[in-house]
Amino acid sequence: DISGTLQTASNSLVKTNLKLDVIEFLHSLAQRSAISNSAVEFFASAKDGIKRNVTSKTFQVPSASFNAATSLVLLLGRASADVGQFVSWADDMARDAASLTSTDDQGLKRSVYGFIGTVLQQLGDKLGASSVDQLLGALATLTGGVNDSPIVLGAFVQAVSQPTALPAEKVAAVAPSVLQSIEPLFRQNSMAAVTVALDVVKVLADYGADTVAPVSEHMLDNIIAVISRTPESPPASALQAFAAVCPSVSEDSMRSITSEILKLLSTTTVYDGQSALALSEVFQVVGRTFPGLASSWKDTIIDNWTQTHARYAKQRKDSSNEAIQVPFPSTMLTNAAKSINALFAGYYESQGQQWSSALLDTIVRAPPKTTSEIALVCLGLRALGYAAAKGDLARSENLAAQLDAHIQSEHDDVRNEAAAALGKYVGSYPDTFSALFASATTPGSGGAAASSRLQAVKVAVEQIVGVNHDQANAEPMWSQIVAYAQSEQGALPDALAQSLATFAVALPGVFVPALVELISSSTNTNVKAFFITTFRTVLADRHLGTECDAQIKSALIHVLASIDDENVDIRRLSLLALYAVIKSKACLLDDGIIGAIEPALFKQTVINESLVRIINMGPIKKRIDDGLDARRCAFQCVHMLVRMLPGAASDKAVADSVVRGIADDHDIRLLVLQIIHETSSSLAAAYAARLDDIAESVKKVQDTKLPPKAVEQEIEKHHAMLRSSVSVLVAMEPIAKNASSAKFDELLAA
């Protein structure tokens, strides 16, 4: 049936659509198939039908046929069996493709060149020599202008990208003409044209320095010009092309561009892993290819960073407004640190040596005093941290002691960098974690240094547990942190909660149940609050896996039981945890969980008079409600519940909370307004039945009087309160039209 349909030459629209469907079927089948004897037999019978239709005059049929042929060629390229019966077919298809390269149909042109690039890459050593030469000639000639260059050169890049079946001598033969044809593209405003030109340089350089050597100096200038257009975020392809061309240029040329290129790259912001690798590759290639330049490039990197830091230090010193913080130039420091590490990785490679931290050890050896010394130490510390994260840093007690000494520095930036470096060092050697944690939590070790050591603990946990998922070391680390938390009587730092959360996120099967048990069993208020905060931190992670979600769901009923705790702070934290679940993980809340927590949740929307106290401020009595924050959290949960899970809570409970909230604090009344807007349709009947109560709550608000001799802030708050009460009336007016409430009508008329 397939063969018959493909051979049909009718112009009938129905038959054309059927033909397209069959071709698309073959295209999809070839993409999905594993090569086998039956697949070879099937496609052997279908291949001639595909070829017959590439020259069809029917709209879209030729393009679809070339797409199917491309998929079939890719399938053949994966075959280990002999595919000789397809070679003559591929050769004929290649000639047809070459004859259509000048078509004006852009869709067909993309399909044609896509086939050419694929067939050369997969079967270039099996096609006839004349076919290969003809196809490479088509790829080496740009006749359609700039708009066609990404299509044509994209096919060339695919054809010659290694591994390829094309003989290397064939690629070398066309390389000069291709390199000449891409020259004008570097001056175009089209990023697609520039990118494909860079890709051409990169893939040809992979064939050896001699391939691009004749034009390498000129190409280097072109690449630098591309980078200079967007130095803050140059395309990864430009950095990759720069690294690819470097081995083909002279050392004098590299020396002459040192200042310019390093100044450009010092401000680069890397947004993706590919660009980060490309930026490091640039410096590693320079260090490996031109070891004699390593020292001068290092000095220039340091000078650029020192100047950047000096400008930052001056801006911070000159800033007269303490509320405006001058941002630390972290991106520039990252570039400088990674560049030096990569530069010397290449240098040591050229010398046949292992990477060494000797240079960085020297930089961080002494405590800094001047601005330039601070800049240099920050650079050394950041570079050491990156080396430790990669596992390149050798164990050294002296180095660990130096890092800890810098944690005690009087300079904030030095302390921050030392904390990160020490944390990553400990992350490389987990057996040193216990000593780090002990030093961070020693009684009397408060102040900035202790805070920095706790930050180092957090970094180490992230490395050992978050990145490496090292359960064997994670369990004693968890026990040490938990034991400390349970022994403390005061408030515990957030950095420790963030550290414990890393355990639960990385290894949820082990540590989420352990965390829940700690929440349920803790009797000390501060300790329980700390563990609930840890659970909230877990919920805030945006990359939780399905296993973590499952563990959280099974834990929710136990954690949220604390909504009804006797301590108001515990209730508030538990409500915040519930709010986080409803907002970002509503799918975890089934009817059973909601039914279990609903009574406790709505109980928290009631004013607890035992938490209200009156204080005397001279002649004025001021009302202080210690339960207000927790009550506000409860109303936030109700609002998010009716928004994310409409109908999950009972209509009566929501309506009752709205009536109470109208007469509550102004901030709560604003939340009630949002609840009304979310539920005006679904709870219309419930609100209609409570219109008298709603009217009484609004009147209570409107009858509130200003205190004698009210200050401007109190007057503004009073006016805002009155405005919000009127907003409640306006929101309820459509419901009141279909209900009967004399009190509401009277209030609305007034």
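Visitor: Which element gives the most to the lining of the second largest pocket?

Guide: This is a predicted model, in which local features need pLDDT of at least 70, side-chain atom pairs count only at pLDDT 80 or more, and totals for chains, interfaces and linings use all residues. Residues are numbered from 1 along each chain as its sequence is written, and side-chain values use heavy atoms, with hydrogens and water left out. A pocket, on a 1 Å grid over the protein atoms alone, is an open set of points where a 1.4 Å probe fits, with protein on both sides within 12 Å along at least five of seven lines; lining residues have an atom within 4 Å of a point. Helices (H or I, at least four residues) and strands (E, at least two) are DSSP runs, numbered from the N terminus. Here, α15 gives the most, with five residues.

Visitor: How much space lies in the second largest pocket, and which residues are the closest to its centre?

Guide: A volume is the space filled by probe spheres set on the grid points, which are joined across faces, edges and corners. For this pocket the value is about 370 Å³. Of its 15 lining residues, S280, K338, N341, A342 and K390 are the closest to the centre. The elements giving two or more residues are α15 (273-289), α17 (330-350) and α19 (371-389).
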